[in-house]
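Hello,

Here is the structure I said I would pass on. My notes on it follow below.

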Amino acid sequence: MQKFTKILSMAIIAAGVVACNSGGSSTPSSGWKWIGGSNQVNLPNNYQESTALPSGRNVSVSWTDSAGNLWLFGGQGYGQNSSESGLLNDLWKYNPTTKQWQLIGGQSSINTAGVYGTKGVASANDYPGGRIGAVSWTDSTGNLWMFGGFGYASNAQIPGALNDLWKFNPTANQWTWVSGQDIIDSNGIYTVKDVADSLSHPGARLGSIGWIDSTGSLWLFGGADSLSTLNDYNDLWKYDPTTNQWTWVSGESTLDSNGFYGVQGVANLRNEPSARLDSVSWLDESGNLWLFGGSGQDGVNTPLIGQLNDLWRYNPTTHLWTWMSGANTANKYGVYGKQGISSPNSIPGSRMHRNPFAWVDASGTFWMFGGDGYGADSQGILNDLWSYNPTTNQWTWVNGGTQSNVIGNYGTQGAFSNSNQPGARRDGTGWVQSDGSIVLFGGFGYNATESGLLNDLWLFKL
């Protein structure tokens, strides 16, 4: 999702009740509502203008533009008339007012290579190749940006990790290749920490996370160098779009670092998160960068990678990391406590999200939904909804199941119901709307009867 945009307005949850009745009515006006898409799995793209709908897919990227339209790019899914899923590069726009999808660009086939053109020059002929696991954000002028992932570069016969940086102008309907390489598996260049350099740039990677700060700069953390080996980074980078330069800020230039956790709650110059991919990220009101979990190394030199539930904060002013909560070891079950009640003992289980469905509300509370990881006592795909208060450093289990692989309950399309609930899923994407409501799209997970690639559209409202 476009996880760097704060919700403009959102009511504070009261007593943990999400799907509450309004004014004594028997019909709820909040909670989950199935608003579009199919309740079936593994469907191909539908390009008919009046009924257009993206195919079932996961690990896409998303943006929200200045007019409130929702944008979706690529992922792993089904093209037109394809019997097998692959990597997509189609670009879609959803209008929440008309409730209609529109295909904007890209190819109807899977596994398409990119057309890069001339670096820094926009062209109607250029476009990124099919991919998963990219990082996306929107700048102050309404351009949509995307970095890296795993997919197809220029004229590539096989996919690989990418470090290309793209910008899309919705008004001109044109892509620009801005930075990075047009080949797969490119190495990074690490010069001097904290010094911007025209030569420096991150290596090709998938499953990174990112933040946009108040100056419009992108912060990028971690990811993996390959889908097959999953050797992980713990480097932190900053990209300034005004100078088109990268700065290596923190972390190691080598792979699979165990990091250094230090003392929980205490910032230290030596502290740094362990190497990982597919974490969750937030940006708080003070400009601090936060990350949760993912898949990678723990803090005690465990030989094998695992899923994590540690929470970290990075202060860009002091350049210090702080381990805030969670374990420094992998594969932890969640402690759910009482639904709707925060507690110092409650903590989400270890999990990985890839493109996380996570956001920050107007009160500064962090939210996240689902993922692939550990429930109360089972491992699998999740549909639990959590909130975190950075002031009290406490988690709250808000709703959803405490176990893995929970099926969905769609109810009547367009209507709230206390029993509505998206099925467990990983790698869905979503958007924050101006009224504070959340829109969730697709992923891999469960409908009401089976698992597969989803293209259902849900609305969550407090």
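**What was found**

Of the 462 residues in the protein, 57% are buried. Please keep in mind that this is a predicted model.

Overall form

The secondary structure consists of 29 strands and zero helices. The radius of gyration is 21 Å, close to the 23 Å that the globule rule gives for 462 residues, so the protein is as compact as a globular protein of that length. Along the principal axes, the C-alpha trace spans about 60 × 55 × 40 Å.

Surface and charge

The accessible surface amounts to about 17,100 Å², and carbon and sulfur atoms account for 48% of that.

The largest nonpolar core

In soluble globular proteins, nonpolar side chains tend to be buried together. Here the largest nonpolar core has 17 residues, and those with the most contacts inside it are Trp63, Trp71, Phe73, Leu91, Met146, Phe168 and Trp175. At least two residues of this core come from each of strands S3 (61–64), S4 (70–77), S9 (144–151), S10 (160–169) and S11 (174–179). The strand that gives the most is S10, with three residues.

Leaving aside residues up to four places away in sequence, Phe73 touches Ser60, Val61, Trp63, Leu88, Asn89, Asp90, Leu91, Pro128, Gly129, Arg131, Met146 and Trp175. Among these partners, Trp63, Leu91, Met146 and Trp175 are also listed with the most contacts inside the core.

Lys99 sits in the loop between strand S5 (86–95) and strand S6 (100–105). Lys99 is not a glycine, yet has a positive phi of about 60°. Its relative accessible area is 54%, so Lys99 is exposed, the cut-off being over 50%.

Asp185 also has a positive phi of about 60° without being a glycine. This residue is in the loop between S11 and strand S12 (209–212). With a relative accessibility of 43%, Asp185 counts as partly exposed.

Ser434 belongs to the loop between strand S27 (429–432) and strand S28 (438–446). Ser434 is exposed, at 52% relative accessible area. How far apart are Ser434 and Ala67 in sequence and in space? They are separated by 367 residues in sequence, and by 9.7 Å in space, C-alpha to C-alpha.

Regards

Terms used. Residues numbered from 1 in each chain as written. Predicted model: local features only at pLDDT ≥ 70, side-chain atom pairs only at ≥ 80, totals over all residues. Heavy atoms only, no water. Core = buried A, V, L, I, M, F, W, Y, C linked by side-chain atoms within 4.5 Å. Buried < 20%, exposed > 50% of the residue type's maximum accessible area, 1.4 Å probe, protein only. Helix = DSSP H or I, 4+ residues; strand = E, 2+ residues; numbered from the N terminus. Contact = heavy atoms within 4.5 Å. Rg over C-alpha atoms; globule rule 2.2 N^0.38 Å. Areas by Shrake-Rupley, 256 points an atom, 1.4 Å probe, with all protein chains shown as cover.
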